[in-house]
Structure formats: structure tokens, C-alpha cells
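Here are some notes to go with your first look at this model. Have the viewer open as you read, and take the points in any order after the opening one.

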Amino acid sequence: MSHANQFDLLRTRRFLPLFLTQFANAFNDNLFKNALMVFLTLTAANGSLLVNLCAGLFILPFFLFSATAGQLAEKLDKAGMTRIIKQAEIGIMALGAIGFLSNTIWLLVLALFLMGVHSTFFGPIKYAILPQHLSSEELIGGNGLIDMGTFIAILIGTILGGVAIGLEDGPRYIAIGILIAAGLGYWASRSIPAAPATAPELKIDWNIFRATASCMRLARGTRSVFLSILGISWFFMLGATYLTQLPLYVTSVLGGQAGTITLLLATFSIGVGTGSLLCERLSGRSIELGLVPFGAIGLLIFGFDLYFAAPEPWSGALRDVQTVLADPMVWRVIADLFGIGVFGGFYVVPLFAMMQARTAPETRARVVAANNILNAGCMVLAAGLGILLLSLLDWTVPQVFLLFAVLNIPVALYIFTLLPEFLMRFLVWLLTSLCYRIERQDLDKIPASGAALLVSNHVSFVDALIIAGSCRRPIRFVMEAAIYRLPLINFICRVAGAIPIAPRREAPEAYEAAFARIAAYLRDDELVLIFPEGRLTADGTINEFKPGLLRILEETPVPVVPLALNGLWGSFFSHAGGEAMRKWPRRLWARLRVVAGDAQPPQQASPEALRAVVSSLRGDWP
């Protein structure tokens, strides 16, 4: 059952227990890890060396065991596997608690490594399980909530770990806290509904190098999925750079104490959480890839401004939060960090949802494992670049931030050039978001996979774009050749794989070529959209459906899904009140509806019957 609001998912058993399990996991990881880092810095003779060693030890399991974790998540029930992992966490945290209470450093380091192993095995599950429990319309909202919860949990765990360990009886407080968090995580996992194995016959390859290579090949098998993974990994690298360098930025540039560091970390994390939550509203509950370029543009703008907002390096005594905030430039820095977080959410959440939606269920966990490996690699690279630029080349932190802002440009261009669908969806999203409010009804009746012919009434010149922007699967639509050749429209149509068609009497070769392309798309299990009326309505009524659709179904018999558009009659792009696009727009952000009917077998899909169904779906609202 779908829900009208993403927060309604928090009331359901198929989502809330997983959300709480992941929240507890992220909180405990960072509570233990940050407490340990501070503890080593304050008590160990070689604290700096140990801190860097621990940071590497925590990430190492992601390289070693992610492929194995992905295979097990395919072969076993994911809910049952989660409970086993959470039981192991209690044991690991018991070791950590003993280490804190007895001041045994080697035991603490071992517990940290084992927590890395624990997180490695839980990683493929938390994203691969979502499509098993959520509908396609809930996927973007579910991912947004998971990402929001994760960043908030990281923030709270990091702050509490650093504060609590510094108290007089800090090790005891941390020992109690990590055990409670581990217990709560296991308790929440007990309520996660069953998520049956998607590849129960899979033979586990225990050779970690061969298994890792296999996961990478699976990820590279679908270009759009692999490019999504590259985009996600870039964001992890960017986020790791900001989070790692913020403490030095605060002390060396803003002249702030620990309170200011906490404030800026909170600003960035809350920004990411806000952007993640807004994704569902901005995308209309579909997987809207148009938000990815939008997010990339925001990351670029706010990243650049963060460099120019930086005041001169601070050389005096460090100041408290109130004194730092008295400087107006600091508020600009805060706004920039919040903006980077928000647009980072716009950027990364659709990529996660796309990776899940376009990966076969039987390989999804292994693809997520490949994503985790690349994410870990990028975070290590971010740390290495930070050391190189700040320690060896004597850069400043603002210069490092500027470099990463600039690098957003080639990264975005590389991804969008290889997969222009992102940019095409961005242009469609801008059109549909700025001009219209779109209600999507029963679009889950469009098959999630396989070929289908979509038929709709034809009201305006943007009908195809409205439908394409409302459906999570790519749609190949048939359109007039003269419109296809218009400059901006031509880019969108070429990227979308649109099929230009001309009247048979004017261009018989182009006419036949169009039908050949339609048949080829359907044989390749694509969705094809046609407007059987053959022209825009001149008076708001539905014209007679042409018999051309019968030829399509004779050559490639596929299910036919009727669609109806409401609310476009009277728009700038319709013939209401004068010729389309040759009159002043009279309304902006108008309410529209796209509604789908039940799929019709090809044998019963006559033009007359389909016209009747579309008329019924449309009702009295043209």
C-alpha cells in the first residue's frame, strides 16, 4: 500500500524497524569511533598514529568483505541476516565496553575493526531490502528518510562520543551507551518483516578478490546503474572532505572553539537531511533523475561561495560560539554549508533510488556491495588528498574546498555526457515543476518491466514530456517530425529516444521508419507512447483514434496501457483560446493529473475500445 506522505512510512512495520535499526547502527558506529579517537588522543603516547591507524582499520573491511556480504544478502533472508548481524554487534560492543573500562587499547582497536566488519555486512542489506518492502512510488521517500536518519545519527553519535569521553567517568558512560545502542538495534531488527532470498541457489565465492571483481562486473553491466554508483561515490568523497576538514577550518579560519565545530557539523548534516526529505516532494514521489543535475548545480554554487565567504585566517585566541556568530561572514559560511548539504541530498537520494530500481532483484545486494567498495575507496582518497594538500603542499582549508567545488564540474559533465538522460530529465523536471502541479494516479499499472504500448489523449505540445516526467521508466514517444526538429525540443527528444513520424503521403520512408523503430523498441522490452488521435484536440474533446495502433500490435503484440491527461486544455501549449504557443500564458503552476487504466490485452485493444477507456479515465475534466 502506498502512502500520501513519506513520514507515513514511519508508521509501518515494513519500514520503521529497518529505519530504527539503521539509525541505531549509524549512531553506535560514530559514538564508539569518535569516543575512541578522543580517548586515544588524550591517553596514548602515540595517539596521533593510532587515530590514523584506526580510521584505516574501520574502512578496511569494506574493501575485504563487501563482496562476500553482497552474496550472502542475495542467498539468505535479509531480515534474518540482519538479526544475526545485530546479535554480533552486541558481542562486539561488549568487547569495546571491556576495553574502555579496563583501558585496554588493543581490545578497543579490535572492537573497532570488528564494527567495520559488522557495518560491511549490514551495508548491502539496508539498501537492497527497501525495494522488497516498498512500492516504486515509496522508494524515493524511503531512501530520503534513511539518508536523513543516517546523517542525524552520525551527528548525534559523533557529538556525544566526543563530549562523553571527556567527562570524569567518561569511559564508563561510553561503555553503557554502546551496549544500549547495540541492544536497541537488535530489538528493532526483530520486527523487520521477512525479505526472502532473491538468489537462493547462488554459490558463495569465498575468494574475496574474485568475488569483488564479480561484483564490479555486475555493477558495470548496466551503464545507468554504474554511473549512479560513480555519482554516489563522488558525493561520499565530497562529504568526507567537508566533515574531515571542518574542525581545522573552524580553528584556523573562523577562530572558533569546539562549540563552533559542532555547530557547523550539525549545519551540514541537517542540510543533507533536509535535502533528502525534500526529494520526495520535489520529485512527485517518482524517481526523478532531474534532481541530480539540480543538486550538482547547487553543490557547485555553494561550494564556490564557501571559498569566497572565508575571512582572513585567524591568528588570535580561539573564541566561543557567541563571539564567532557575531561576525556576519560566519552566517554566510553557515548558509553555504547548509546549502551544500541540501543540494547534496537532492543529488544523492535519486541516485540511490535509481541504483535500486534499475538493478535486478537477484543481483541488487551485490551491486550495493560494489557501491560500498567504491564509496570506501573515495573516502580513503579524500583523506589522502587532504594529507597531501594540507600537510605537504601547504594549502589552506578554503583552497581545498575550492578544489572540490571546481571538481564538481568535470565530474558532473562526465556523468551527464555519458548518460544524457540525467540532463534531459532535469529539463523536463524544470518544465513540469515550474509550470504545473502534477497529480499521478495509478501509474503503478504501467508495467515495471517488459514491453508495453501506452496510449493517451492529446491535448498539448508538452503531453509527452508530462507523461515521461511522471513515469519512472524511460518512455519512447512518437511525435511529429516538424516538432522533433525544434532546437531545444530536439535535444530532449533525441536523448529520450523519441520517434519522429511524418504523414505517409508527405514522407513515406520516414513513416515506415517510424513503425520500424516502434517495433524495435517493443522487441527490446521498452515502453512506447503514442497519441492515437494523431493531432492535438482543437476543442478539448477526444478525437477519433486512428487505426495505426493496430499495425503496431499486429507486428509486436504487447499489453496496451491507456492513459488520460487532465488539466492541460487551456494551457499555453494547447489550442484553447487560439493557436498553441502563440498567445500569452494565462496560468502558471496549474494543477494537472496523469491517470493510468488497467493494461489491455493486445487482442482486445481496438481503437474504439481504447478511446472509450481513455474517455472514462479523463472524465469531465479536459
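**Notes on the model**

1. Let's start with Ser189: setting aside neighbours within four places in sequence, this residue is in contact with Thr21, Thr82, Arg83 and Lys86. Bear in mind throughout that the model is predicted. Ser189 belongs to helix 7, which covers residues 170-189. Is Ser189 buried or exposed? Ser189 is buried, with a relative accessible area of 0%. A polar atom of the Ser189 side chain also sits 2.7 Å from the backbone oxygen of Tyr186.

2. Next, have a look at how helix 7 packs against helix 3 (residues 78-102): the angle is about 175° and the axes are 9 Å apart. An angle over 145 degrees counts as roughly antiparallel, so helix 3 is roughly antiparallel to helix 7. Which residues meet there? From helix 3 they include Thr82, Arg83, Lys86, Ile90, Met93 and Phe100, and from helix 7 they include Pro171, Ile174, Ile178, Leu179, Tyr186 and Ser189. Thr82, Arg83 and Lys86 are also among the contacts of Ser189 listed above.

3. Now for the nonpolar cores. The largest one has 101 residues, and the members that touch the most others are Phe15, Leu130, Tyr249, Leu306, Tyr347, Met355 and Phe422. Another core, of 37 residues, lies apart from it, with Val462, Leu529, Phe531 and Ala590 among its members. Back in the largest core, take Leu130 as an example. Not counting residues up to four places away in sequence, Leu130 touches Phe15, Leu18, Leu139, Asn143, Ile146 and Gln356.

4. You'll find Leu431 in helix 16 (residues 421-435), and its relative accessible area of 17% makes it buried. Beyond its neighbours within four places in sequence, Leu431 is in contact with Tyr436, Val462, Leu465 and Phe573. Leu465 is 34 residues away from Leu431 in sequence, yet their C-alpha atoms are 8.6 Å apart in space.

5. That Leu465 is one of the buried residues of helix 17, along with Asp463, Ala464, Ile466, Ile467, Ala468, Gly469 and Ser470. How many of the residues of helix 17 (residues 463-470) are buried? Eight of the eight are, so helix 17 is largely enclosed by the rest of the structure.

6. Thr251, in helix 9 (residues 223-254), is partly exposed, with a relative accessible area of 26%. The Thr251 side chain reaches the backbone oxygen of Leu248 at 3.1 Å. Leaving out neighbours within four places in sequence, Thr251 is in contact with Gly256, Ile261, Trp314 and Leu318. As for Pro313, that residue is 62 residues from Thr251 along the chain, with 9.2 Å between the two C-alpha atoms.

7. Last, the cysteines. A disulfide is a covalent bond between the sulfur atoms of two cysteines. How many disulfides does the model have? The count comes to zero. Cys378 is in no disulfide either, and its nearest cysteine sulfur, that of Cys215, is 17 Å away. Cys279 is buried at a relative accessible area of 0%, and Cys378 counts as buried at 18%.

How values were computed. Residues are numbered from 1 along each chain as its sequence is written. This is a predicted model: local features need pLDDT of at least 70, side-chain atom pairs count only at pLDDT 80 or more; totals for chains, interfaces and linings use all residues. Side-chain values use heavy atoms; hydrogens and water are left out. A disulfide is a pair of cysteine sulfur atoms within 2.5 Å. Buried means under 20% relative accessible area, exposed over 50%, partly exposed in between (1.4 Å probe, protein chains only). Helices (H or I, at least four residues) and strands (E, at least two) are DSSP runs, numbered from the N terminus. A polar contact is a pair of N or O atoms within 3.5 Å; within protein, one must be able to donate a hydrogen and the other to accept it, and residues adjacent in sequence count only if both atoms are side-chain atoms. Contact means heavy atoms within 4.5 Å. A nonpolar core is a set of buried Ala, Val, Leu, Ile, Met, Phe, Trp, Tyr and Cys residues joined through side-chain atoms within 4.5 Å. Axes are lines fitted to C-alpha atoms, for helices over the stretch in contact, and angles run from 0 to 180 degrees between N-to-C directions. Angles under 35 degrees count as roughly parallel, over 145 as roughly antiparallel, 65 to 115 as roughly perpendicular and the rest as oblique.
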